[in-house]
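The sequence and the model are shown first.

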Amino acid sequence: MFLALDVGNTHTVLGVLDEEKLFFSCRFSTDRNKTSDEYSVMIRELLIMHHTPPEQISGGIISSVVPSMKAVLRDAVYSVTGRTCMIVGPGVKNGLKIRIDNPAQLGSDQVADAVAAIAEYPKPLLVFDMGTATTVSVINENTEYIGGMIMAGALLGLDALSNRTSQLPEISFADKVDRLIGSNTVDCMRSGFAFGTAAMIDGVIDRMQKEFDRKLTVVLTGKTAEMITPYCEREVVLDKNLLLKGLRIIYLKNLHHKGSR
Ligand SMILES: Nc1ncnc2c1ncn2[C@@H]1O[C@H](COP(=O)(O)OP(=O)(O)O)[C@@H](O)[C@H]1O
Ligand SMILES: CC(C)(COP(=O)(O)O)[C@@H](O)C(=O)NCCC(=O)O
Ligand SMILES: [K+]
């Protein structure tokens, strides 16, 4: 069993996996002020809460788009399990053919997503990772990562909307949004979030499709994708664990390269 950590700008996802199974995953806030000691307490408790003795963890892998969190979490995992995590980035093989101006610039979350998507889905394909930012990754028929898009995440837009206006409130999304045409402030905001974001995705898919002869596969992941997928009109696949599956592939690839760690 090994640990996989996906550090996003808002949340960190921790998964415990082996070659076939995802035993559990959980999310906690990405808090840049917490120390490795604080994270080690949290990780230890999460493992125990999920009936996983830390001694059973034989290694770990971290993908982080928050640079300072890499060392903090690696140290925390080391103090809980005695194992040193691989960190997605220079020196760790990912097998992805990255054809962009500066491959080192690509976020490690997009690398892990792309590795998993290539392994599981027909090409060409698009991956929408909907977190703090929404990223679109484009993979061609030859399984090359050729580029993509970055936009503000849908929830970031909503935060900005209520923070930067005097009359728009903070809203929640406990219920399904069933009206396209809102007739009050809150319903208008809810419709804008759900249908507006879904229409953006549908529209990007249509435009991207024109660049390819073969039908694109479209995979959506990230917390926000769970909320938006039901409102999309194009054919999309929601894969909540895409990134963890990518980390599994990268972990196993490097384990076999370097011998056991
Ligand atoms: N409990 C929460 N605390 C803070 N932000 C939240 C929460 N729930 C949702 N969000 C919003 O979700 C977005 C991030 O989604 P998430 O999938 O966690 O992203 P990331 O992978 O970038 O960490 C942020 O824009 C934030 O506003
Ligand atoms: C675009 C991102 C900020 C998305 O972060 P997230 O929403 O997962 O927190 C992250 O993937 C990143 O910092 N990327 C590096 C820049 C790039 O991919 O070009
Ligand atoms: K993202």
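The area buried between domain 1 and domain 2 is about 510 Å². Carbon and sulfur atoms account for 49% of that area. On the domain 1 side, Arg27, Ser63 and Val65 together supply 55% of the area buried against domain 2, more than any other three residues. The model is a predicted one.

The domain assignment places domain 1 at residues 2-87 and domain 2 at residues 97-242. In the contact between them, domain 1 takes part with eight residues and domain 2 with six residues. The C-alpha centres of the two domains are 26 Å apart.

As for polar interactions, three residue pairs are in polar contact between domain 1 and domain 2, with both residues of each pair at pLDDT 80 or more.

Two elements give two or more residues to the side of domain 1 that touches domain 2: strand E3 (22-29) and strand E4 (59-64). Of the elements on this side, E3 gives the most, with three residues.

The table lists the residues of that side by class.

| Class on the side of domain 1 that touches domain 2 | Residues |
|---|---|
| Nonpolar | two residues |
| Polar | five residues |
| Charged | one residue |

Terms used. Residues numbered from 1 in each chain as written. Chains lettered and ligands numbered in written order. Predicted model: local features only at pLDDT ≥ 70, side-chain atom pairs only at ≥ 80, totals over all residues. Heavy atoms only, no water. Domains from an automatic or database assignment. Contact = heavy atoms within 4.5 Å. Buried area = accessible area lost by both parts, 1.4 Å probe. Polar contact = N/O pair within 3.5 Å; in protein donor to acceptor, adjacent residues only side chain to side chain. Helix = DSSP H or I, 4+ residues; strand = E, 2+ residues; numbered from the N terminus. Nonpolar A, V, L, I, M, F, W, Y, C, P; charged D, E, K, R; others polar.
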